[in-house]
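This report sets out selected features of the structure shown below. Chain architecture is treated before individual contacts.

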Amino acid sequence: MSNPAALIDCDVHNVVPSAAALHPYLPARWRSYSEKVGTRTYLPYLNGYHYPKVSRGAARVDAWSPEGHAPGTDLDFLRKQLLDEYDIEYAVLNCLYRAPEERNEPYGVALASAVNDWQVDHWLEPEKRLRASVLIPFESPAPAAAEIRRCAQHPSFVQVLLFPRTKEPLGRRKYWPIYEAAAECGLPIGIHFSSTTASPITAGGWPSFYIEDHTMMSVAFQAQLTSLIVEGVFDSFPRLKLVLIEGGFGWIPSLLRRLDDVYERARDEVPHLRRRPSEYLRDHVKITTQPMEEPERPRDLIELINEVGPETLMFSTDYPHWDFDNPRRAFQVRLPADLENRIMHQNARDCYAF
Amino acid sequence: LVLAESGVAWLPSLMWRLDKNWRGLRREIPWLDAPPSQVIRDHVKLTVAPFDGPPDAEGVRRLVEQIGSERPLLYASDYPHWHRRDPGESLLRHLSEAERANVVRNNALELYRLDAPVFSPHSPAGLDERSSVGCFSTGAGRAGERSMRRQP
């Protein structure tokens with residue numbers, strides 16, 4: 001095992017500062033469209049995203065640079081406030097630009113490609129500690145698969161980015177071209193906390209408050225993990241890896257137990273599964289740690305981590321967002337050294353082949 | 001609030017997450033002046049069929065401690081439906097006698113006031129607190145030996 005003090009941060013956000021920043025990366029047709037029409041997503045709020053004013057951009061209040069650059073837009077400030085501050089060996093960027101939710105489908109496809117090219121020029125080439133996820137128009141699986149194959153040629157793209165609230169559950173055949181391309185390129189599929197579809201964002205309908213949106217995000221992850229397992233995605237793509245990012249992990253044991261129980265009764269419905277549902281976790285799934293689970297009795301955290309599997313969790317900060325986990329303070333208990341090494345860097349090395 | 005056939009094992013992690021988010025976001029919902037876990041413990045009961053807790057005694061013990069006690073748990077058979085894990089086998093046998101008595105009987109007696117004085121057409125005492133929600137006694141014996149039903 002390598003340097004035990006190493007730290008790999010598996011969830012960091014770089015932010016496109018303006019629509020104009022993407023113009024050099026858009027074909028003339030879509031540059032013109034961007035200027036004259038602009039982005040229209042299918043999220044149902046008139047005035048953009050529904051994160052509350054209490055946390056503008058969902059960001060830490062100290063993440064604006066001294067020069068006034070918005071959080072996640074300034075590489076130098078990200079180096080200073082994150083990479084250097086915590087001596088981070090690698091950080092995985094997840095750029096949450098809203099290209100996958102663009103209503104004009106070919107424009108969304110062009111936007112995703114533009115974001116990826118912008119990431120190469122402004123983040124990946126200038127800073128070798130940074131790696132990134134490929135942003136894809138996941139509701140348009142054929143061009144999404146093409147974008148995966150295009151970006152996989154650049155060694156700093158280490159993952160494919162999906163969001164957990166999709167038009168259909170992610171195990172559905174519609175999305176399989178994405179998994180085929182990811183498996184072929186050896187890139188894990190990362191599903192990252194985000195919350196815009198035309199469908200209600202909780203299993204009980206549209207909520208009133210952000211605290212509900214944030215808390216219930218784990219339910220979207222549960223639905224997607226369940227769908228990917230029972231639809232047979234891992235049986236059809238045995239080399240495919242899945243990373244659940246910012247969805248928590250306290251719900252994993254009860255979900256898998258329940259899934260196994262129902263499977264015993266209903267396995268004739270899903271004869272394509274070669275294993276019990278819970279058995280897919282160990283070989284196919286990694287989970288990032290932020291927002292860290294905080295059991296009322298801190299010692300229960302170690303029990304939970306062992307139940308989820310010592311090889312499963314990968315540390316993440318979610319910089320520059322307000323619910324950032326500080327690597328020095330995120331765990332309420334001292335982890336055993338081998339477990340700490342696994343979570344802070346070794347599991348990420350295994351997952352992303354760092 | 002009673003959650004029926006919902007499972008129970010997911011509750012601790014939801015309470016942890018709600019409490020953590022309440023600490024970070026309570027400005028948004030200032031009328032909630034107690035941690036959500038406390039609201040849940042004060043107001044929520046859950047039936048235990050199907051039981052989705054750990055398979056071992058130690059795991060069940062830890063789950064009950066994380067929920068806070070066995071007081072929110074209500075026995076249910078879910079008759080005539082079938083589940084792979086019967087609550088008797090998977091949960092009740094791992095509880096102490098007192099805990100088991102609460103889950104199979106006392107928690108429900110208290111919640112539904114099954115042994116409270118009730119209005120009965122046969123009772124000369126007439127109205128009492130139950131009558132305001134339109135409940136009628138259906139006969140003797142339901143509340144068992146601790147019956148407080150008024151004598152005619």
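## Architecture of chain B

In this predicted model, chain B contains 5 helices and 3 strands. Along the sequence, these elements are arranged in the pattern β-α-α-β-α-β-α-α.

Of the 152 residues in chain B, 47% are buried. Among contacts in chain B with a separation of 6 or more, 68% are between residues 24 or more positions apart.

## Packing of helices α1 and α3 in chain B

Helix α1 of chain B spans residues 11-25, and helix α3 of chain B spans residues 57-67. Their axes come within 9 Å and cross at roughly 35°; the crossing of α1(B) and α3(B) is left-handed.

On the α1(B) side, the contact is formed by Leu11(B), Pro12(B), Met15(B) and Trp16(B). The α3(B) side contributes Leu63(B), Gln66(B) and Ile67(B). Classified by residue type, this contact of α1(B) with α3(B) comprises 6 nonpolar residues and 1 polar residue, with no charged residues.

Ser218(A) is located in helix α6 of chain A, which covers residues 210-230. Is this residue, Ser218(A), buried or exposed? Its relative accessible area is 12%; because buried means under 20%, Ser218(A) is classed as buried.

When neighbours within four places in sequence are left aside, Ser218(A) is in contact with Gly247(A) and Trp251(A).

Notes:
Residues are numbered from 1 along each chain as its sequence is written. Chains are lettered from A and ligands numbered from 1 in the order in which they are written. This is a predicted model: local features need pLDDT of at least 70, side-chain atom pairs count only at pLDDT 80 or more; totals for chains, interfaces and linings use all residues. Side-chain values use heavy atoms; hydrogens and water are left out. Axes are lines fitted to C-alpha atoms, for helices over the stretch in contact, and angles run from 0 to 180 degrees between N-to-C directions. Helices (H or I, at least four residues) and strands (E, at least two) are DSSP runs, numbered from the N terminus. A crossing is left-handed if the near helix is turned anticlockwise from the far one by less than a right angle, and right-handed if clockwise. Contact means heavy atoms within 4.5 Å. Ala, Val, Leu, Ile, Met, Phe, Trp, Tyr, Cys and Pro count as nonpolar, Asp, Glu, Lys and Arg as charged, and the others, Gly among them, as polar. Buried means under 20% relative accessible area, exposed over 50%, partly exposed in between (1.4 Å probe, protein chains only).
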